[in-house]
Amino acid sequence: MNNSKRSASDDAEANKMRSIITKQRANGCFPAEVMTSLNSRFSVGKIAGLIPEALKNIPLQIMIDIIVTVGVCQYLESKFNHLKNQWELVVRKSIRFITSYLEKTNSSLSSSEVRFYCSSLIKSM
């Protein structure tokens, strides 16, 4: 009986993770409502005033997409680490999305630097 409870719990967790990753857009980003559902303190309206100077050359809508995508990836990594084989390619696609926009805006920042800035911004909310 204990195994069936654990199995049901594992299934529920896997279903929650799948419901998140299925919302990834074709280009690799996640819509803002995904992040809002994961973190009630997250607000797109707060983002504009919190963006660090180093990221201000990136258009606001793209920056929002990047911040949301970083937040969702962090959530997957922290909450579903044991299911990494199921979300790892999703996160890789998201990193490619971030990198491609950095290249389009001729940003001198690396993808990992942007992820750091976004992570800090999300934590401050």
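User: What rules apply to the model as a whole?
Analyst: This is a predicted model, where local features need pLDDT of at least 70 and side-chain atom pairs count only at pLDDT 80 or more, while totals for chains, interfaces and linings use all residues. Residues are numbered from 1 along each chain as its sequence is written, and side-chain values use heavy atoms, with hydrogens and water left out.

User: Why is Thr69 called buried?
Analyst: Buried means under 20% relative accessible area, exposed over 50%, and partly exposed in between (1.4 Å probe, protein chains only). Thr69 has 0% relative accessibility, so the residue counts as buried.

User: Where is Thr69 found, and which residues does Thr69 touch?
Analyst: Thr69 is in helix α4, residues 60-79; helices are DSSP runs of H or I with at least four residues, numbered from the N terminus. Leaving out residues up to four places away in sequence, Thr69 touches Gly28, Cys29, Phe30, Ser94 and Phe97, where contact means heavy atoms within 4.5 Å.

User: What makes α4 roughly antiparallel to α5?
Analyst: The axes of α4 and helix α5 (residues 84-104) come within 10 Å and cross at roughly 155 degrees. That makes the two helices roughly antiparallel, since angles over 145 degrees count as such, under 35 as roughly parallel, 65 to 115 as roughly perpendicular and the rest as oblique. Axes are lines fitted to C-alpha atoms, for helices over the stretch in contact, with angles from 0 to 180 degrees between N-to-C directions.

User: Which residues of α4 and α5 meet?
Analyst: Ile62, Asp65, Ile66, Thr69, Val70, Cys73, Leu76 and Glu77 of α4 meet Trp87, Val91, Ser94, Phe97, Ile98 and Tyr101 of α5.

User: Why is the pair of Tyr75 and Phe80 called edge-to-face?
Analyst: Rings of Phe, Tyr and Trp (its six-membered ring) pair if their centres lie within 6.5 Å; planes under 30 degrees apart count as stacked, over 60 as edge-to-face and the rest as tilted. By this rule there are 2 aromatic pairs. The ring centres of Tyr75 and Phe80 are 5.9 Å apart and the planes are at 70 degrees, so this pair is edge-to-face. Phe97 and Tyr101 also form an edge-to-face pair, at 5.0 Å centre to centre and 70 degrees between the planes.

User: Is Ser108 buried or exposed, and where is Ser108 found?
Analyst: Ser108 has 74% relative accessibility and therefore counts as exposed. Ser108 is found in the loop between α5 and α6 (111-124).
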